[in-house]
Amino acid sequence: MHTRALIRFAIALSVASFVTAAWAAPADDYNAAIAKAEAAIKRAHALKNEWTTTAAALKAAKAAADAGKFDDAVAHAQQAEALANGSIAQAKEQEKLWPEAVIR
Amino acid sequence: MLRKVLLALTIVAGAAQPLLADNAVDPQADFKAFRKYFTERFPKVPLNQFVNGPYSMDEGLRKQWQAKEEFPPYDFALDKGKEMSSTPFKNGKSYADCFPNKGIGVRQMYPQFDEKSGEVITLDVAINQCRQANGEVPLDYLKDDMAALTAYMAFTSRGKPMDIKIPNDPRALAAYKKGEENFYTRRGQFNMSCASCHVQNPGNHIRTEVLAPALGLMNALPIYRSEWGGMGTTSRRLTTCNSQIRGVPLPAEAEEYRDVEYFLSYMANGLPISGPGARP
């Protein structure tokens, strides 16, 4: 009898763990994606070269997460990160390229 | 051995020469090249007409503008600016106490390099410095009051040749160089610089608008824009340019913008002040 109760408890616990993990995984993915996006945005800000579309993508990511749509939220966060990285690459490239445009 | 060392040093020095030449700051050489570029590209445009922006590029637009100038849309701003200019601060002083010639006919002298702070001071910044020195709240660089006051000061300076000085001070030369760099640096998701429109494409259309040449661009500011339905300061113009190319604008009158204004105004030396302007 004691053994049966233990088995039932173990099954219930594993089912509960599975449900929790299934819910937590997308949220964790989102948290990781938004952290990467925000880090890239911080670097772009330091270079004084942010794009307006980056902020829009970040806002969309947060709105999707608030609505529980984690797949969309991750996609928007990844887009924000890519845009921020684009502006960083632009700033670094332009440091070398701008003199080529000067009227001589 | 010594011969080899000398040879190596000569080669290194020779290779470094073009780099040093490229990085040298020579505002006068830039000025000549800038002037040559625009006058050769638009040989039919009289030099003094470049200050009228798109109207110097397009005959149809020019006629519309001349008709509009009979009842200019910036008139109300001139009235307001004149009133602001003559109204004393709470301490009894006024703008006249802060500027040479009581602030009348001085637009062409700005921006200036301030030796004390080591920074470029635009007319708008000088106005706010005056206000703060007299216990007044600074004006918003993007709003109508600043536009009205600078419009009036520009109006009293019409026809006076732009007269920007770059003192032989490494900080002034560095500010000028940074202004040049910011002018030519591509920004925003559209990957465009100020020069993309105003050097590479003046006279061409961007949607329905005719792009103004960079030469004389600052002489017409501040401007009334039909698109805005009102007046716009230099800061409004620059920050809007940035957002239009999907770049996050810097704060109004950020050092980067002041340096751009310094560079562009120096390029316009000798050309008449035409502000306040009116643009579509």
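Analyst: **Sulfur pairs and their surroundings**

The cysteine sulfur closest to that of C194(B) belongs to C241(B), and at 6.6 Å it is too far away for a bond, given that a disulfide is a pair of cysteine sulfur atoms within 2.5 Å. C194(B) is partly exposed, with a relative accessible area of 28%, whereas C197(B) is buried at 14%; buried means under 20% relative accessible area, exposed means over 50%, and partly exposed lies in between, with a 1.4 Å probe and protein chains only.

This is a predicted model, in which local features need pLDDT of at least 70 and side-chain atom pairs count only at pLDDT 80 or more, while totals for chains, interfaces and linings use all residues, and side-chain values use heavy atoms, with hydrogens and water left out. Residues are numbered from 1 along each chain as its sequence is written, and chains are lettered from A and ligands numbered from 1 in the order in which they are written.

By the sulfur rule, one disulfide is counted over all chains. The partners are C98(B) and C130(B), with their sulfur atoms 2.0 Å apart, and the torsion about their S-S bond is about 70 degrees, so this disulfide is right-handed. C98(B) sits in the loop between helix 4 (75-86) and strand 1 (112-114) of chain B, and C130(B) in helix 5 (residues 123-133) of chain B, so the pair ties together parts that are 32 residues apart in sequence. Helices (H or I, at least four residues) and strands (E, at least two) are DSSP runs, numbered from the N terminus.

As background, most residues other than glycine have a negative phi, and most peptide bonds are trans. Against that background, E253(B) has a positive phi, near 60 degrees; E253(B) is buried, with a relative accessible area of 8%, and lies in the loop between helix 9 (234-244) and helix 10 of chain B.

Helix 10 (residues 255-267) of chain B in turn packs against helix 7 (residues 170-184) of chain B, with axes that come within 7 Å and cross at roughly 95 degrees. Axes are lines fitted to C-alpha atoms, for helices over the stretch in contact, with angles from 0 to 180 degrees between N-to-C directions. These two helices are therefore roughly perpendicular, since angles under 35 degrees count as roughly parallel, over 145 as roughly antiparallel, 65 to 115 as roughly perpendicular and the rest as oblique. Among the residues that meet, including F183(B) in helix 7 and F263(B) in helix 10 of chain B, contact means heavy atoms within 4.5 Å.
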